[in-house]
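Please open the structure in a viewer and keep the sequence panel at hand.

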Amino acid sequence: MRNPHAGIPFDTSTAEIAEALQDVSIPTLMLSLVHITKNPELIRGALKPAGLFLNEVQGYMSEEDKAAVRSLALDIIVDYRDAGCPETEPVSDALLHEMMNWLVCEEVPDEYVPMLREEMGLEGEDARSVETKTSSAAKADFPVLVIGCGESGLLAGIRLEEAGIPFTIIEKNAGVGGTWWENSYPGARVDVGNHFYCYSFEPSDQWTEYFAQQPELQAYFESVMKKYDIDPHIRFETEVLAARWDEAENHWRVDVKTKDGTTETLSARAVISAVGQLNRPFIPDFPGAESFTGPSFHSARWDHDVDISDKRVAMIGAGASGFQIAPTIAPNVEHLDVFQRTAQWMFPNPNYHEKVGPGVQWALRHLPFYGRWYRFLILWPGCDKGLEAARVDPNYPDQQRAFSEMNEFTRQMFTDWITSQIPDDSDLLAKVIPDYPATAKRTLQDNGAWLKALSRDNVELIRTQIDHIETDAVVTIDGTRHLADVIVYATGFHATKMLSPMEIIGRDGVDLRAMWGERPAAYLGITVPNFPNFFCMYGPGTNLAHGGSLIFHSECQMRYIAQCLEFLITEDYATMEPRQDLYDDWHERSQREIKMLGWSQPTVKHSFYKNADGEIHIVSPWRLVDYWGWTKEIAISDFIVQ
Ligand code: NAP
């Protein structure tokens, strides 16, 4: 079978190929040419990127150099087409590393190469799938229940199906996608580049935008679900209420409630929680909110039956969701008041709303390994550099402003981006420059849409604290009544109350959420002592604030979980749970580490990463390469097995 990344053979006309090459990332194209020609000399000459910086996918190559590459490429690609698009040979390890270094204009450290190689799967392999040695009879006796069918629950289903382990996925919504099902608010889009934000084994060359909008993301997960035939295993519109460990039978008993209110108890030998961290909307308790007579709803429960056109809309909260909503609805409403407690730092990204042109789509589909190298190109800047940049220098003089020299540089860059968009004498300027260090909260992607929206005549940014809500207005503490027909709460989620509101009861009646309180922990973010055969995906300490993608993390976690299940079934053990000492040590080390990072800074007053005591337990302080290495293969000695 042809390597799926080697490109679909084509008979595109020479003129159309030339046209397509106008759009593509030229450095990425060069690497595809190396595969086609088997000639590494192509990247050893003068034509090379001059340095890549995050979103700059052309490597700052001059127009002249880009034209030279296009001309060279056209000849090579036409010959390749005329030869029938023969499948290319894999490149050697040494050349692969050289190509990596060349593309990102720096030495990719040796320790990263195996991880990146696996992520790219250049030989068409799906290295994170778990090979199974167990008989189907043994597996039949090991049903697994997965809670949630967002990206991680769907991935769990795919891996369990591959392993031949019987499973059921319980999903509270009527469709697949989790966050990408629920967040249908206007302007919802992903802010990790989509050619990386998709399963490594199921890339999509169909993305119509570099940062796709919600309907396209939901459709992606739906199509993957159908392709892998996972839907027959999913019970939609069914919610898990509780899961209890049955000590006598070594089973989980899981209470579920269907849409019509019927309850039922299911049994499983193992449970995988794939509920995510951001699925229970949070609405602050503003006095008088219940007296508001107009429609009001949370951003993740957008009421599409409410016509907001020509209405006065009050949007309370402007984090990642509000930041996308305001620019999208501002042109359609009569007036928009944006109530923002804390200003946000934003990262300039001109590609943020850009469409993927037909030339790039053609290259992704047809040019050998173009899509794989493009994936590498956009993932590399988010590969642990953000973590280094988040490290606090305790001796840096003005911690309110910046927590290190590098952080001061970032602050300058972000400030320049803001000031370049607003006149110096604008009242807006003072309201939009954050008063805490850059990147210390989740940084937003921006192409200028946010400040453009705030600069409109029908939009006001209100930074004064809300006092209460009345029948027809939001009232701030200065006594101003801001009239509103509709209130949108873009106020985030109960992120620190992990697995809420489910009741999870382990050995000896231990209640997981009571045990955790607002300090959730799991060994490697996955397993918890006293909760045998219970596995978390996107669990405590695994949210990513420094880069990467949650899909990458999910793939690491699910490989680990699948190995655990395979071990239990093959070796005929009933249960496994992590050693208490390792769990305690992991939590302590994670806490020590995260306290040295910018997100923990006391200068950040409000952040959904923090619990009520200002501690962070939901975010990973670890490098991707370390997490990948730690989860690559289970160590049985880490567990108590029975
Ligand atoms: P969020 O980032 O937590 O923002 C919540 C907003 O509500 C903030 O402005 C917050 O102010 C405000 N708020 C909360 N409680 C308040 C109170 N009592 N009074 C006044 N204001 C209050 O939530 P979100 O925007 O829903 O985003 C959550 C996460 O979802 C993101 O960080 C991201 O991980 C994910 N997300 C991703 C995307 C994407 O990929 N593009 C888009 C949307 C969401 P403070 O800042 O002062 O706390």
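Predicted model: local features only at pLDDT ≥ 70, side-chain atom pairs only at ≥ 80, totals over all residues.

Between domain 1 and domain 2, ten residue pairs are in polar contact, both partners having pLDDT 80 or more. To see which side chains of domain 1 take part in the boundary, select α11 (358-366) and α12 (370-379): each of these helices supplies at least two residues of the side of domain 1 that touches domain 2. The greatest contribution to that side comes from α12, with five residues. Colour the touching side of domain 1 by residue class, and its residues divide into six nonpolar, three polar and five charged.

Next, select D205 and R365. These two residues form a salt bridge, and their closest N and O atoms are 3.4 Å apart. Across the interface of domain 1 and domain 2, the rule finds one salt bridge.

Now widen the view and colour by domain. The domain assignment gives domain 1 as 14-108 + 353-382, domain 2 as 136-280 + 495-641, and domain 3 as 289-345 + 411-489. The contact between domain 1 and domain 2 takes 14 residues from domain 1 and 18 residues from domain 2. How far apart do the C-alpha centres of domain 1 and domain 2 lie? The separation of these centres is 36 Å. The size of an interface is often expressed as the accessible area lost when the parts come together. Here, domain 1 and domain 2 bury about 1500 Å² between them, with 51% of it on carbon and sulfur atoms.

Move on to the ligand and display the residues around it. There are 24 of them, and those that come nearest are R189, S321, R341, T342 and K441.

- S321: a backbone N or O atom lies 2.7 Å from an oxygen atom of the ligand.
- D191: an N or O atom in the side chain is 3.0 Å from an oxygen atom of the ligand.
- G319: a polar backbone atom is 3.3 Å from an oxygen atom of the ligand.

P501 is located in the loop between β17 (486-489) and β18 (503-505).

Finally, select D229, in the loop that runs between α9 (214-227) and β3 (234-235). Although D229 is not a glycine, its phi is positive, at about 55°.

How values were computed. Residues numbered from 1 in each chain as written. Heavy atoms only, no water. Domains from an automatic or database assignment. Contact = heavy atoms within 4.5 Å. Buried area = accessible area lost by both parts, 1.4 Å probe. Salt bridge = Lys/Arg side-chain N within 4 Å of Asp/Glu carboxyl O. Polar contact = N/O pair within 3.5 Å; in protein donor to acceptor, adjacent residues only side chain to side chain. Helix = DSSP H or I, 4+ residues; strand = E, 2+ residues; numbered from the N terminus. Nonpolar A, V, L, I, M, F, W, Y, C, P; charged D, E, K, R; others polar. Near = heavy atom within 4 Å.
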